[in-house]
Amino acid sequence: MIDFNSKKGFICDMDGVIYHGNRLLPGVKKFVSWLQRENKQYLFLTNNSGMTQKELRQKLLRMGLDVPEEHFYTSALATAEFLKEQKPGCSVYAVGEAGLTNALYDAGIVMNDVNPDYVVIGEGRSYSLETLTKAVNLVVKGAKLIGANSDVSGPIENGIAPACRALVAPIEMATGKQAYFCGKPNPLMMRTGLRLLGCHSDEAVIIGDRMDTDIVAGTESGVATVLVLSGISDESTPSKYAYQPTMILPGVGDIVK
(Lines give C-alpha, C1' and ligand atoms only; values in the text may rest on other atoms or scores of the structure.)
Protein backbone atom coordinates (compact mmCIF):
# COMPACT_ATOMS: atom_id res chain seq x y z
CA MET A 1 0.00 0.00 0.00
CA ILE A 2 1.03 3.62 -0.56
CA ASP A 3 0.23 6.51 1.77
CA PHE A 4 -0.50 9.06 -0.93
CA ASN A 5 -0.97 11.91 1.56
CA SER A 6 2.64 11.50 2.72
CA LYS A 7 4.11 11.58 -0.79
CA LYS A 8 5.61 14.86 -1.97
CA GLY A 9 5.77 14.32 -5.73
CA PHE A 10 3.55 12.66 -8.33
CA ILE A 11 4.81 11.66 -11.78
CA CYS A 12 1.86 10.80 -13.97
CA ASP A 13 1.62 9.37 -17.48
CA MET A 14 -1.00 10.91 -19.79
CA ASP A 15 -2.20 8.60 -22.59
CA GLY A 16 -4.42 5.96 -21.00
CA VAL A 17 -4.17 7.60 -17.57
CA ILE A 18 -5.50 11.14 -18.03
CA TYR A 19 -7.24 10.73 -21.38
CA HIS A 20 -7.96 8.50 -24.36
CA GLY A 21 -7.59 10.60 -27.49
CA ASN A 22 -9.74 13.66 -26.77
CA ARG A 23 -11.78 12.06 -23.99
CA LEU A 24 -10.95 12.76 -20.35
CA LEU A 25 -10.99 9.62 -18.21
CA PRO A 26 -13.21 9.23 -15.12
CA GLY A 27 -11.85 10.62 -11.86
CA VAL A 28 -9.14 12.76 -13.47
CA LYS A 29 -10.63 16.14 -12.51
CA LYS A 30 -10.94 14.99 -8.91
CA PHE A 31 -7.32 13.76 -8.91
CA VAL A 32 -5.86 16.96 -10.42
CA SER A 33 -7.94 19.12 -8.06
CA TRP A 34 -6.55 17.13 -5.13
CA LEU A 35 -2.95 17.57 -6.34
CA GLN A 36 -3.44 21.33 -6.63
CA ARG A 37 -5.41 21.71 -3.39
CA GLU A 38 -2.86 19.74 -1.35
CA ASN A 39 0.07 21.63 -2.94
CA LYS A 40 1.63 18.42 -4.24
CA GLN A 41 4.51 18.63 -6.68
CA TYR A 42 3.32 16.96 -9.90
CA LEU A 43 4.56 16.35 -13.40
CA PHE A 44 2.83 14.84 -16.41
CA LEU A 45 5.65 12.77 -17.88
CA THR A 46 4.59 11.52 -21.30
CA ASN A 47 6.35 9.36 -23.86
CA ASN A 48 4.32 11.02 -26.61
CA SER A 49 6.77 13.21 -28.51
CA GLY A 50 4.28 14.86 -30.86
CA MET A 51 2.94 17.74 -28.77
CA THR A 52 4.66 20.74 -27.21
CA GLN A 53 4.10 21.71 -23.59
CA LYS A 54 1.84 24.55 -24.78
CA GLU A 55 -0.21 22.14 -26.94
CA LEU A 56 -0.57 19.69 -24.05
CA ARG A 57 -1.81 22.50 -21.82
CA GLN A 58 -4.32 23.55 -24.49
CA LYS A 59 -5.51 19.97 -24.91
CA LEU A 60 -6.26 19.66 -21.19
CA LEU A 61 -7.89 23.09 -21.17
CA ARG A 62 -10.31 21.91 -23.85
CA MET A 63 -11.21 19.05 -21.51
CA GLY A 64 -11.74 21.38 -18.57
CA LEU A 65 -8.38 21.03 -16.81
CA ASP A 66 -6.10 24.02 -16.18
CA VAL A 67 -2.51 22.75 -15.85
CA PRO A 68 0.41 25.20 -16.33
CA GLU A 69 3.03 24.36 -18.98
CA GLU A 70 5.79 23.71 -16.47
CA HIS A 71 3.94 20.61 -15.29
CA PHE A 72 4.58 18.75 -18.57
CA TYR A 73 7.73 16.90 -19.62
CA THR A 74 7.84 14.85 -22.82
CA SER A 75 10.10 12.28 -24.46
CA ALA A 76 10.85 14.95 -27.10
CA LEU A 77 12.34 17.21 -24.42
CA ALA A 78 14.28 14.26 -23.00
CA THR A 79 15.62 13.42 -26.47
CA ALA A 80 16.71 17.00 -27.13
CA GLU A 81 18.42 17.21 -23.73
CA PHE A 82 20.24 13.92 -24.33
CA LEU A 83 21.54 15.01 -27.76
CA LYS A 84 22.57 18.42 -26.44
CA GLU A 85 24.65 16.74 -23.74
CA GLN A 86 26.08 14.11 -26.10
CA LYS A 87 27.05 16.44 -28.94
CA PRO A 88 26.27 20.15 -28.52
CA GLY A 89 25.33 21.82 -31.80
CA CYS A 90 24.82 18.53 -33.60
CA SER A 91 22.56 18.10 -36.63
CA VAL A 92 19.67 15.68 -37.07
CA TYR A 93 17.23 14.33 -39.60
CA ALA A 94 14.00 14.30 -37.59
CA VAL A 95 10.73 12.56 -38.34
CA GLY A 96 8.00 13.77 -36.00
CA GLU A 97 5.62 16.52 -35.03
CA ALA A 98 6.09 20.01 -33.56
CA GLY A 99 6.78 18.68 -30.08
CA LEU A 100 9.94 16.96 -31.30
CA THR A 101 11.20 19.55 -33.79
CA ASN A 102 10.60 22.48 -31.41
CA ALA A 103 12.44 20.71 -28.59
CA LEU A 104 15.40 20.04 -30.88
CA TYR A 105 15.52 23.65 -32.13
CA ASP A 106 15.31 24.98 -28.55
CA ALA A 107 18.31 22.79 -27.63
CA GLY A 108 20.40 24.41 -30.39
CA ILE A 109 20.17 21.39 -32.71
CA VAL A 110 19.87 22.01 -36.45
CA MET A 111 18.05 20.04 -39.13
CA ASN A 112 20.09 18.28 -41.81
CA ASP A 113 18.81 15.77 -44.39
CA VAL A 114 22.18 15.31 -46.16
CA ASN A 115 24.76 14.17 -43.59
CA PRO A 116 23.26 14.47 -40.10
CA ASP A 117 24.89 13.21 -36.93
CA TYR A 118 21.64 11.56 -35.86
CA VAL A 119 18.37 10.29 -37.29
CA VAL A 120 15.66 10.99 -34.71
CA ILE A 121 12.27 9.30 -34.92
CA GLY A 122 9.13 10.27 -33.02
CA GLU A 123 5.42 9.74 -33.60
CA GLY A 124 3.62 11.76 -36.22
CA ARG A 125 1.77 12.05 -39.47
CA SER A 126 4.98 12.99 -41.32
CA TYR A 127 6.10 9.34 -41.13
CA SER A 128 5.82 7.80 -44.60
CA LEU A 129 7.59 5.45 -46.97
CA GLU A 130 9.54 8.45 -48.24
CA THR A 131 10.77 9.56 -44.82
CA LEU A 132 11.42 5.94 -43.80
CA THR A 133 13.57 5.38 -46.89
CA LYS A 134 15.45 8.63 -46.23
CA ALA A 135 16.10 7.64 -42.63
CA VAL A 136 17.30 4.17 -43.62
CA ASN A 137 19.86 5.52 -46.08
CA LEU A 138 21.15 8.17 -43.69
CA VAL A 139 21.69 5.51 -41.01
CA VAL A 140 23.46 3.30 -43.57
CA LYS A 141 25.78 6.26 -44.27
CA GLY A 142 26.67 6.58 -40.58
CA ALA A 143 24.03 8.62 -38.78
CA LYS A 144 23.22 7.30 -35.28
CA LEU A 145 19.61 6.16 -34.80
CA ILE A 146 17.61 7.69 -31.93
CA GLY A 147 14.01 6.94 -30.93
CA ALA A 148 12.08 9.40 -28.78
CA ASN A 149 10.54 6.51 -26.85
CA SER A 150 10.19 2.74 -26.87
CA ASP A 151 6.38 2.46 -26.78
CA VAL A 152 5.20 -0.04 -29.39
CA SER A 153 1.60 1.20 -29.32
CA GLY A 154 -0.62 3.67 -27.52
CA PRO A 155 -4.32 3.85 -26.66
CA ILE A 156 -6.64 5.96 -28.79
CA GLU A 157 -10.40 6.45 -28.61
CA ASN A 158 -11.20 3.51 -30.89
CA GLY A 159 -8.36 1.10 -30.10
CA ILE A 160 -4.59 1.45 -30.36
CA ALA A 161 -2.14 3.22 -32.68
CA PRO A 162 1.44 2.21 -33.53
CA ALA A 163 3.90 4.27 -31.50
CA CYS A 164 7.58 5.18 -31.80
CA ARG A 165 9.11 1.74 -31.24
CA ALA A 166 6.98 0.29 -34.02
CA LEU A 167 8.01 3.12 -36.36
CA VAL A 168 11.71 2.68 -35.60
CA ALA A 169 11.65 -1.10 -36.07
CA PRO A 170 11.68 -1.04 -39.91
CA ILE A 171 14.78 1.18 -39.86
CA GLU A 172 16.54 -1.20 -37.47
CA MET A 173 15.58 -4.18 -39.61
CA ALA A 174 16.68 -2.56 -42.87
CA THR A 175 20.02 -1.28 -41.54
CA GLY A 176 20.96 -3.83 -38.89
CA LYS A 177 21.55 -0.90 -36.48
CA GLN A 178 19.91 -0.62 -33.08
CA ALA A 179 18.25 2.59 -31.90
CA TYR A 180 18.80 4.30 -28.56
CA PHE A 181 15.53 5.35 -26.90
CA CYS A 182 15.39 8.44 -24.68
CA GLY A 183 11.90 8.23 -23.16
CA LYS A 184 10.58 6.00 -20.39
CA PRO A 185 11.81 3.61 -19.10
CA ASN A 186 15.20 5.26 -19.71
CA PRO A 187 16.45 6.29 -16.23
CA LEU A 188 17.57 9.63 -17.69
CA MET A 189 13.94 10.69 -18.09
CA MET A 190 12.99 9.52 -14.59
CA ARG A 191 15.92 11.34 -12.99
CA THR A 192 14.97 14.51 -14.84
CA GLY A 193 11.38 14.15 -13.61
CA LEU A 194 12.49 13.81 -9.99
CA ARG A 195 14.86 16.77 -10.36
CA LEU A 196 12.08 18.95 -11.81
CA LEU A 197 9.85 17.99 -8.87
CA GLY A 198 12.61 18.56 -6.31
CA CYS A 199 11.95 15.09 -4.91
CA HIS A 200 13.97 12.10 -3.80
CA SER A 201 12.84 8.74 -5.14
CA ASP A 202 11.29 7.67 -1.83
CA GLU A 203 9.17 10.84 -1.74
CA ALA A 204 7.55 10.24 -5.13
CA VAL A 205 5.00 8.05 -6.91
CA ILE A 206 4.80 7.21 -10.60
CA ILE A 207 1.37 6.46 -12.05
CA GLY A 208 0.96 4.78 -15.42
CA ASP A 209 -0.93 2.23 -17.48
CA ARG A 210 2.08 0.36 -18.92
CA MET A 211 4.19 -2.26 -17.19
CA ASP A 212 6.98 -1.98 -19.79
CA THR A 213 7.53 1.78 -19.46
CA ASP A 214 5.92 3.44 -16.43
CA ILE A 215 6.12 0.61 -13.91
CA VAL A 216 9.58 -0.65 -14.85
CA ALA A 217 10.85 2.97 -14.86
CA GLY A 218 9.63 3.48 -11.30
CA THR A 219 10.83 0.08 -10.14
CA GLU A 220 14.36 0.64 -11.44
CA SER A 221 14.46 4.16 -9.97
CA GLY A 222 13.26 3.15 -6.51
CA VAL A 223 9.96 5.02 -6.88
CA ALA A 224 6.62 3.62 -5.67
CA THR A 225 4.46 2.61 -8.64
CA VAL A 226 0.73 2.61 -9.36
CA LEU A 227 -0.60 0.68 -12.34
CA VAL A 228 -3.98 2.02 -13.44
CA LEU A 229 -6.30 -0.13 -15.54
CA SER A 230 -7.76 2.79 -17.51
CA GLY A 231 -5.39 2.36 -20.46
CA ILE A 232 -3.56 -0.50 -22.10
CA SER A 233 -3.32 -2.89 -19.10
CA ASP A 234 -5.90 -5.10 -17.40
CA GLU A 235 -5.85 -7.14 -14.18
CA SER A 236 -3.97 -10.03 -15.84
CA THR A 237 -1.17 -7.88 -17.30
CA PRO A 238 1.17 -7.81 -14.25
CA SER A 239 1.31 -11.63 -14.15
CA LYS A 240 3.35 -11.56 -17.37
CA TYR A 241 6.22 -9.65 -15.73
CA ALA A 242 8.90 -10.55 -13.15
CA TYR A 243 8.46 -7.16 -11.44
CA GLN A 244 5.19 -5.92 -9.97
CA PRO A 245 3.60 -2.52 -9.30
CA THR A 246 3.34 -1.34 -5.70
CA MET A 247 -0.41 -0.88 -6.21
CA ILE A 248 -3.04 -1.56 -8.87
CA LEU A 249 -6.03 0.79 -9.15
CA PRO A 250 -8.88 1.19 -11.66
CA GLY A 251 -7.91 4.83 -12.35
CA VAL A 252 -6.32 7.94 -10.89
CA GLY A 253 -9.59 8.98 -9.25
CA ASP A 254 -9.12 6.08 -6.83
CA ILE A 255 -5.99 7.74 -5.41
CA VAL A 256 -8.17 10.43 -3.81
CA LYS A 257 -10.14 9.30 -0.78
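Trainee: Is Ala204 buried or exposed?

Mentor: Ala204 is buried, with a relative accessible area of 0%. Buried means under 20% relative accessible area, exposed over 50%, and partly exposed in between, using a 1.4 Å probe and protein chains only. Keep in mind that this is a predicted model: local features need pLDDT of at least 70, side-chain atom pairs count only at pLDDT 80 or more, and totals for chains, interfaces and linings use all residues. Residues are numbered from 1 along each chain as its sequence is written, and side-chain values use heavy atoms, with hydrogens and water left out.

Trainee: Which strand is Ala204 in, and what does Ala204 touch?

Mentor: Ala204 sits in strand β13. Leaving aside residues up to four places away in sequence, Ala204 touches Lys7, Gly9, Leu194, Cys199, Val223 and Ala224. Contact here is heavy atoms within 4.5 Å.

Trainee: And where's Asn149 relative to Ala204?

Mentor: Asn149 is 55 residues from Ala204 along the chain, and their C-alpha atoms are separated by 22 Å.

Trainee: OK, on to the core. Which residues touch the most other members of the largest nonpolar one?

Mentor: Phe4, Ile18, Phe31, Phe44, Leu60, Ile207 and Val226, out of 32 residues in that core. A nonpolar core is a set of buried Ala, Val, Leu, Ile, Met, Phe, Trp, Tyr and Cys residues joined through side-chain atoms within 4.5 Å. Elements that each supply at least two residues include β1 (9-12), β4 (41-46), α2 (53-62) and β13 (204-208).

Trainee: Which element gives the most?

Mentor: α1, with 5 residues. There's also a second, separate core of 18 residues, with Leu132, Val139, Leu167 and Phe181 among them.

Trainee: Zooming out, how many helices and strands are there?

Mentor: The chain has 8 helices and 15 strands. Those are DSSP runs numbered from the N terminus: helices are H or I with at least four residues, strands are E with at least two.

Trainee: What about the radius of gyration?

Mentor: The chain has 18 Å, which agrees with the value near 18 Å for a compact globule of 257 residues. That's taken over C-alpha atoms, and the globule rule is 2.2 Å times the number of residues to the power 0.38. The C-alpha atoms fill a box of roughly 55 × 35 × 35 Å along the principal axes.

Trainee: What share of the residues is buried?

Mentor: 54% of the 257 residues. As for contacts with a separation of 6 or more, 67% come from residues 24 or more positions apart.
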